[in-house]
Amino acid sequence: MERFTDLAILQPTDKEEIDLPRTSEEELAVGKKRLYIESYGCQMNFADSEIVAAVMRNAGFATTSTAEDADLIFLNTCAIRDNAEQKVRHRLKHLTGLKRQKPELLVGMLGCMAERLKTKLLEEEKVVDIVAGPDAYRDIPKLVEEAESGQKAVNVFLSREETYADISPIRLNSNGVTAFVSIMRGCDNMCSFCVVPFTRGRERSRDPHSIVREAQDLFDRGYREVTLLGQNVDSYKWQGDEGEGPDVKSIQNPTPQTPAPSLTTFAHLLEMVARIHPDLRVRFSTSHPKDITDDVLYTMGRYDNICNYIHLPAQSGNSRVLKLMNRTYDRPWYIEKINSIRRILGEDCGISTDMISGFCTETEEEHQESLSLMDYVTYDYAYMFAYSERPGTLAAKKYADDIPEDVKKRRLNEIIAKQLQHSSARNQRHIGQVQRVLIEGPSKRSDDFLCGRNDQNKMVVFPKGNFQKGQYVNVLVTECTSATLRGEVV
């Protein structure tokens, strides 16, 4: 989950943009201390910053959109790639100058980079006063008090229970139409290339009723789309007391085994959120090939407001490499999951992926298998990266990063070129079709045009007319690029 609100083809020129932060907004308030938040990395981080903003509002802070006006600056960080961490370190150099001008300014590091480096951050980055991991956000007001007294303040304790279910997030950088809702935290999948289990802790699911309440509140406030977030949403599972689960009789489960009423699975949760209102669109990210079930696919098929779009990261198309990655599935398993999606949801269901080039010991033939998997699936979108060793991961401990950088780059370019072809072909399928689009706001290129997403998460651009954001419109697609559909409202 590496981009802001969408999944798109990662071009070489996009690498800089991906690590650009989201910042907090200007909040009208008098006599309050000012908080500025920069958020880097994945959608989970942006959702976490909204929790932090809520915690700090209760502590008497108001947000600001400029670091220069802040009394307290938080960088909510990502550790999944070295490039993301280097961006943050570069940003800290700028904040060092700002702190010289304003000595009382406090600077805090939050999130995955804070969890990975812990107190080492305080030694390496003298400008940092506060370090808080992803499970320590309730404790931040106390950490701020410690820092105000002149002490360095740290809490990187990882919890097995914390879900922040009772905290109502403050929506930052919101278009007022789409919002993230975290349904679980942490990850139990020990993929050998990934640092997330070490920075976000063990997997735990959030009470489904608190999720439904949050989504209902968003709908009542005018939001028309929610994205349910988790490192692996398909492993969502809530064991409540007898009678607290969903009405499973209403879930037309095509399999013979129906969970006990007290167990809420991801398929159940999807239905609970979809039932809030037909005009509330529901998306989710990210799915894991080992866990996504036909129950989820059938639930998607029954509700028009659950978007026909699945992010199903493959990472590699070769079974040996997948085993080294500890993905716990092989190529045939992954292909069977794709076949199930096409069988149950049809050829038009949008599918995106993550693909890594040049993982440890990957041969040229194994790279070709990744390309052939892409040909089999014909993904709508992809995130594509050259392998970057991350300290502390299983791969860093067990395998040599032995593929030369020029080979990684050449393989990555071949993957990118392949995806551009597929994205263009998948978008051309929509030409001549009428797409239901939720308007998110003006087009980035012209205020004379509006833009929004269709069911498959593709951006659609069309003339503004008298339409407003938050409306649904039917757009006849007349042309496309590899990344965008264009058309006219009909």
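## Helix H12

A polar contact is a pair of N or O atoms within 3.5 Å; within protein, one atom must be able to donate a hydrogen and the other to accept it. In this predicted model, such a pair is found at the start of helix H12, where a side-chain oxygen of Asp330 comes within 3.0 Å of the backbone nitrogen of Trp333.

Helix H12 comprises the 15 residues 331-345. The buried residues of H12 are Arg331, Tyr334, Ile335, Lys337, Ile338, Ser340, Ile341, Arg342, Ile344 and Leu345. Among the elements that cover these buried residues are helices H10 (294-302), H11 (319-324), H13 (364-377) and H15 (405-428). Strands E15 (309-311) and E16 (350-357) also contribute to this cover.

When neighbours within four places in sequence are left aside, the contacts of His288 are Asn189, Asn232, Asp234, Leu312, Arg327, Thr328 and Tyr329.

## Cysteines

A disulfide is a covalent bond between the sulfur atoms of two cysteines. The structure holds zero disulfides. For a pair to be counted, the two sulfur atoms must lie within 2.5 Å. The closest cysteine sulfur to that of Cys191 belongs to Cys194 and is 6.1 Å away, which is too far for a bond. For Cys360, the closest cysteine sulfur is that of Cys191, and the separation of 14 Å is likewise too far for a bond.

Both of these residues are covered by protein. Cys191 has a relative accessible area of 8% and is buried, while Cys360 counts as buried at 1% relative accessibility.

## Strand E20 and its partners

Strand E20 consists of residues 459-463 and is mostly covered, with four of its five residues buried. Strand E19 (residues 449-453) pairs with E20 in the antiparallel sense through five bridges. Within this pairing, Leu450 has Phe462 of E20 as its bridge partner. The hairpin of E19 and E20 has five residues between the strands, and Asn457 takes a positive phi near 75° there.

E20 is also joined to strand E22 (residues 484-489), by three bridges and in the parallel sense. Here Met459 has Thr484 of E22 as its bridge partner.

## The chain as a whole

The protein chain contains 15 helices and 22 strands. Its C-alpha atoms occupy a box of roughly 60 × 55 × 55 Å along the principal axes. A compact globule of 490 residues would have a radius of gyration near 23 Å; the protein chain has 22 Å, so the value agrees with that expectation.

Of the 490 residues, 60% count as buried. Among contacts between residues at least 6 apart in sequence, 73% join residues at least 24 apart.

Definitions and conventions:
Residues numbered from 1 in each chain as written. Predicted model: local features only at pLDDT ≥ 70, side-chain atom pairs only at ≥ 80, totals over all residues. Heavy atoms only, no water. Helix = DSSP H or I, 4+ residues; strand = E, 2+ residues; numbered from the N terminus. Expected span 1.5 Å × (residues − 1). Buried < 20%, exposed > 50% of the residue type's maximum accessible area, 1.4 Å probe, protein only. Contact = heavy atoms within 4.5 Å. Pairing = 2+ DSSP bridges. Rg over C-alpha atoms; globule rule 2.2 N^0.38 Å.
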